[in-house]
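This report describes selected features of a structure, with attention to its aromatic residues, strands and annotated regions. Please consult the sequence and the coordinates alongside the text.

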Amino acid sequence: KTSEDSDKYSVLLPTYNERENLPLIVWLLVKYFGESGYNYEIIVIDDGSPDGTLQIAEQLQKIYGHDKIVLRPRPKKLGLGTAYIHGIKHATGNFIIIMDADLSHHPKFIPQFIEKQKEGGYDLISGTRYRGDGGVYGWDLRRKLISRGANFITQVLLRPGASDLTGSFRLYKKNVLESLVERCVSKGYVFQMEMIVRARQLGYTIGEVPISFVDRVYGESKLGGNEIVSFLKGLLTLFATT
Amino acid sequence: MTKLLEWLFAVSLVGVAWGLVTFDLLDFQFPAVYREVAWPMPVYLLVVFGCYSLATVGYRVATFNDCEEAARELQGQIQEAKEDLKKKGLKI
């Protein structure tokens, strides 16, 4: 199936020490975009990774072409919000896809995001782990409890109209992402939540697609007390200011 | 209006209604049964909400999908990708 319309999808991949995963995620993106026929580009935003991620990205550029793999590195770790702004500046697509580069988000869902967006003309599509046949691999009971508990509190306090607020696998219309990023001030998990909350405030429409989230990192990076506290602080700030 | 203000507004409305009935502030001369029912309502509603929360979160944790299939598929594709990339000239 070939796409005749002029839509182009720019995938933003902020990376930090993803030397091993980057070729794999790029291979999967090329596979699923190739099969679906949609026009795309992959923008790799490497924050000065010491492990040679950028060198791997350059090899991928040679293999897949400079029009498909675009490199826009930065000198050091500068945060996700600014990575999006940086990526948007260089994106030639009219749609932006944001996702994690560590293989927890699978590119096979991207054609589903695109189709859902076309179906409803949505301003943004959010991949959800909490609805339909969405789900997670690699989480123990404790992690699931924290996740569902935090999501429940968020739903009660913010009534956001989306089931997965902390997810970061989404498709945005470029102008929508631009207007949201410039309004959002939080960091980390809360940044992704704030994007959805502000989207609703501004009257943007949100569609959802269930996704599977494969966490291969959970064993090493436990969700600790600090993160929970900063999440609650962020949530209460959103509660009081939006 | 922020969510906080919405909550404060709603809580105030409920609080005023509760106060009116429980303490008969406007001297409506309610039958005693109204006051007996209204008086414990706030605590009762909190308990009901607490139980609802526990049940909902419990249910959602219990039915949280474990994507075994997705993990297996990913493993297979990782192998495929590594071989294909090697063929295309990627040097790790």
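Does F169(A) count as buried or exposed? In this predicted model, F169(A) has a relative accessibility of 0% and therefore counts as buried, the cut-off being under 20%.

## Confidence of the model

For the complex, the predictor reports an ipTM of 0.89 and a pTM of 0.91. Chain B has a mean pLDDT of 92, and 100% of its residues reach 70 or more. Within chain B, the lowest confidence falls in helix α2 (residues 32-38), with a mean of 86, whereas the highest falls in helix α3 (residues 41-62), at 96.

## Aromatic pairs in chain A

Over all chains, the count of aromatic pairs comes to 15. One of them joins F33(A) and Y40(A): the ring centres are 4.5 Å apart and the planes meet at 10°, so this pair is stacked, an angle under 30 degrees being required. Both partners are also buried, because the relative accessible area is 3% for F33(A) and 7% for Y40(A). A charge accompanies this pair, as the charged end of K68(A) sits over the ring of Y40(A), 5.0 Å from its centre.

F169(A) takes part in another aromatic pair, with F113(A) as its partner. The arrangement is tilted, with 4.7 Å from centre to centre and 50° between the planes. Distant parts of the chain are linked in this way: F113(A) belongs to helix α4 (residues 110-120) of chain A, while F169(A) lies in the loop between α5 (141-158) and β7 (170-173) of chain A, 56 residues apart.

## Strand pairing around β7(A)

Strand β7(A) pairs with strand β4 (residues 95-98) of chain A through four bridges, and the two run antiparallel. Within this pairing, L171(A) of β7(A) is the bridge partner of I97(A).

Strand β7(A) also pairs with strand β5 (residues 124-128) of chain A, in the antiparallel sense, over three bridges. Here the bridge partner of L124(A) is Y172(A) in β7(A).

Which residues form a cluster through ring pairs? The cluster comprises Y130(A), W139(A) and F213(A) together with F64(B).

T2(B) is located in the segment before α1 (3-23) of chain B. Neighbours within four places in sequence aside, T2(B) contacts F239(A), A240(A), T241(A) and T242(A). T2(B) counts as buried because its relative accessible area, 17%, is under 20%.

## Annotated regions

According to an unreviewed UniProt entry, residues 10-179 of chain A carry the annotation "domain: Glycosyltransferase 2-like". In the model, the chain over residues 10-179 of chain A is 44% helix and 19% strand, with 17 Å between the end C-alpha atoms.

For chain B, UniProt lists residues 64-91 as "coiled-coil region", again from an unreviewed entry. Over residues 64-91 of chain B, the model has 71% helix and 0% strand, and the end C-alpha atoms are 40 Å apart.

How values were computed: Residues are numbered from 1 along each chain as its sequence is written. Chains are lettered from A and ligands numbered from 1 in the order in which they are written. This is a predicted model: local features need pLDDT of at least 70, side-chain atom pairs count only at pLDDT 80 or more; totals for chains, interfaces and linings use all residues. Side-chain values use heavy atoms; hydrogens and water are left out. Rings of Phe, Tyr and Trp (its six-membered ring) pair if their centres lie within 6.5 Å; planes under 30 degrees apart count as stacked, over 60 as edge-to-face and the rest as tilted. Buried means under 20% relative accessible area, exposed over 50%, partly exposed in between (1.4 Å probe, protein chains only). A charge sits over a ring if NZ of Lys or CZ of Arg is within 6 Å of the ring centre and within 35 degrees of the ring normal. UniProt positions are given in the numbering used here, feature names are shortened, and annotations may be inferred rather than shown by experiment. Two strands pair if DSSP finds at least two bridges between them. pLDDT is the predictor's confidence in each residue, from 0 to 100. Contact means heavy atoms within 4.5 Å.
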